[in-house]
Amino acid sequence: MATALSNGAIRGIFTDAKPARPVVQLINAKAVLQADGSAPKKVKAEISDGEEFCVAQLAKIVVEKLASGTIGLYDAVRLKNYTVKEEGE
């Protein structure tokens with residue numbers, strides 16, 4: 001059974017709507033190396049709600065699930081928690 005994406009969730013995340021537990025699709029994920037080129041410090045991803053997309057930083061547990069193959073690119077995932085960080089913060 002296909003999981004429906006939460007259309008409009010990304011716009012809501014960046015406004016006062018703050019949708020609870022939206023479902024988004026993981027479009028891309030890329031490790032960001034530390035300034036000295038050593039092991040990745042974080043993993044950035046592109047997520048989509050079916051209408052819009054944004055860049056997100058993935059939590060450690062999500063990174064582990066990606067590495068183990070539990071979840072993969074283009075899978076639908078439910079955001080249990082999220083924090084909005086304005087550019088430049």
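A residue counts as buried when its relative accessible area is under 20%, as exposed when it is over 50%, and as partly exposed in between, using a 1.4 Å probe and protein chains only. Keep that in mind as we walk through this predicted model, where local features need pLDDT of at least 70, side-chain atom pairs count only at pLDDT 80 or more, and totals for chains, interfaces and linings use all residues. Residues are numbered from 1 along each chain as its sequence is written, and side-chain values use heavy atoms, with hydrogens and water left out.

Let's start on the outside. Gly50 sits in the loop between strand 2 and strand 3; strands are DSSP runs of E with at least two residues, and helices are runs of H or I with at least four, numbered from the N terminus. Gly50 counts as exposed because its relative accessibility is 52%. Leaving aside neighbours within four places in sequence, Gly50 is in contact (heavy atoms within 4.5 Å) with Leu5 and Asn7. Its C-alpha atom is separated by 17 Å from that of Lys18, 32 residues apart along the chain.

Now look inside. In soluble globular proteins, nonpolar side chains tend to be buried together. Here, the largest nonpolar core has 13 residues, and Val24, Ile47 and Leu79 have the most contacts inside it. Such a core is a set of buried Ala, Val, Leu, Ile, Met, Phe, Trp, Tyr and Cys residues joined through side-chain atoms within 4.5 Å. Strand 2 gives the largest share of this core, three residues. Beyond its neighbours within four places in sequence, Ile47 touches residues including Ile10, Val24, Phe53 and Leu79.
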